[in-house]
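Welcome! Let's take a walk through this structure together, beginning with the whole chain and ending with single residues.

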Amino acid sequence: MEELPHGSHFQRLDQARVRRSTAELQTWIRDRFPDRTLWEVCGELGALVDEVALRDGLNQRRIRAARMLSRLAVVLVVAFLTGTVGLAVLDLVRGGQFQAVDFLPLLETIINTSVFGGLAVLFLLAVPERMERARILRVLHRLRSLAHVIDMHQLTKIPGRDELASADLGAYLEQCSEMLSLVGKTAALFAEDTTDGDVLDAVEGIEALTSDMARKVWQKIAIIQPD
């Protein structure tokens with residue numbers, strides 16, 4: 001079997017294609033069921049797919065600005081701590097004669113400075129990543145809520161009790177299932193370029209949730225269309 005080249009587009013989800021599929025699904029639902037609000041829910045999903053593009057837009061510029069500021073702050077912190085240690089050494093040298101015991105306060109100063117300085121540097125370097133993680137988790141939370149909204153649309157569609165004809169009901173449920181699949185694909189888009197454990201766990205949770213919901217939808221479809 002021929003090996004796919006590294007970085008092949010077959011190894012990545014395409015945000016534009018997911019967006020296009022969402023738009024096509026919205027159009028189909030609106031044409032088939034114009035009086036139902038399901039097509040509006042699909043429009044909300046399309047807006048969330050667009051959130052992925054913000055990684056290359058305004059939000060990404062904010063992240064880059066935050067990264068530059070954090071690095072500048074790191075430089076200032078390192079310079080301040082280096083100056084503090086330098087002054088301590090200078091005071092010790094200016095004292096003239098000194099014994100080994102005189103180095104203890106200096107050693108304590110260096111250790112404390114290194115510990116607190118290291119913590120400050122780690123905190124500052126992590127600020128941009130925390131900002132990006134918070135944004136992604138907010139969008140993923142909205143995706144999870146949207147999945148429950150879609151599930152509510154199919155929940156009241158009971159074969160034999162709904163006013164829709166069997167063919168229409170089956171088509172309606174199929175679109176709910178497709179939309180749940182697109183919710184999972186949209187969540188997966190956020191996992192393409194990250195190794196953040198919190199983000200990956202949230203994406204995996206949404207994919208599992210939508211798969212379980214879609215499976216219940218297809219159980220209804222099997223009752224309507226036993227063949």
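What follows starts with the overall fold and then turns to the core, the surface and the charged pairs.

First, a word on how to read the model. It is a predicted one, in which local features need pLDDT of at least 70 and side-chain atom pairs count only at pLDDT 80 or more, while totals for chains, interfaces and linings use all residues. Residues are numbered from 1 along each chain as its sequence is written, and side-chain values use heavy atoms, with hydrogens and water left out.

The protein chain has six helices and zero strands, so from the N terminus its elements read α-α-α-α-α-α. Helices (H or I, at least four residues) and strands (E, at least two) are DSSP runs, numbered from the N terminus. Of the 227 residues in the protein chain, 35% are buried. Here buried means under 20% relative accessible area, exposed means over 50%, and partly exposed lies in between (1.4 Å probe, protein chains only). The accessible surface of the protein chain is about 14200 Å², and 59% of that belongs to carbon and sulfur atoms. Such areas come from the Shrake-Rupley method with a 1.4 Å probe, and for residues only the protein chains shown count as cover.

Now look inside. Which residues touch the most other members of the largest nonpolar core? They are L140, L143, I150 and M179, in a core of 40 residues. The helices α1 (15-32), α2 (38-52), α4, α5 (166-189) and α6 (197-224) each supply at least two residues of this core, and the largest share, 11 residues, comes from α5. A nonpolar core is a set of buried Ala, Val, Leu, Ile, Met, Phe, Trp, Tyr and Cys residues joined through side-chain atoms within 4.5 Å. Take L140 as an example: apart from its neighbours within four places in sequence, L140 is in contact with A187, F190, V199, A202, V203 and I206.

Helix α4 covers residues 103-155, and several residues along it are worth a visit. Toward one end of the numbering is L104, which counts as exposed because its relative accessibility is 51%. Together with L107, I111, V115, F116 and L119, L104 makes a nonpolar surface patch of about 610 Å². Patches are made of residues with over 30% relative accessible area and no salt bridge; like charges are joined within 9 Å, and nonpolar side chains (Val, Leu, Ile, Met, Phe, Trp, Tyr) within 5 Å.

The unreviewed UniProt entry has an annotation, "transmembrane region", for residues 69-90 and 110-128. UniProt positions are given in the numbering used here, feature names are shortened, and annotations may be inferred rather than shown by experiment. In the model, residues 110-128 are 100% helix and 0% strand, with the end C-alpha atoms 29 Å apart.

H153 also lies in helix α4. Is H153 buried or exposed? H153 counts as buried because its relative accessibility is 16%. Not counting residues up to four places away in sequence, H153 touches T37, L38, V41, Y172 and C176.

Finally, the charged pairs. A salt bridge is a side-chain nitrogen of Lys or Arg within 4 Å of a carboxyl oxygen of Asp or Glu, and the count by this rule is eight. One of them joins R133 and D196, at 2.6 Å from N to O. This pair links distant parts of the chain, 63 residues apart, with R133 in helix α4 and D196 in the loop between α5 and α6. R133 is partly exposed at 27% relative accessibility, whereas D196 is buried at 17%.

Other bridges stay within a helix. R135 and E132 both lie in helix α4, three residues apart, about one turn of the helix; their closest N and O atoms are 3.3 Å apart, and both residues are buried. In helix α6, R215 and D212 are likewise three residues apart, and their side chains meet at 2.7 Å, N to O. R215 is partly exposed at 47%, and so is D212 at 29%. D212, R215 and K216 are linked in a network of salt bridges.

Methods: Contact means heavy atoms within 4.5 Å.
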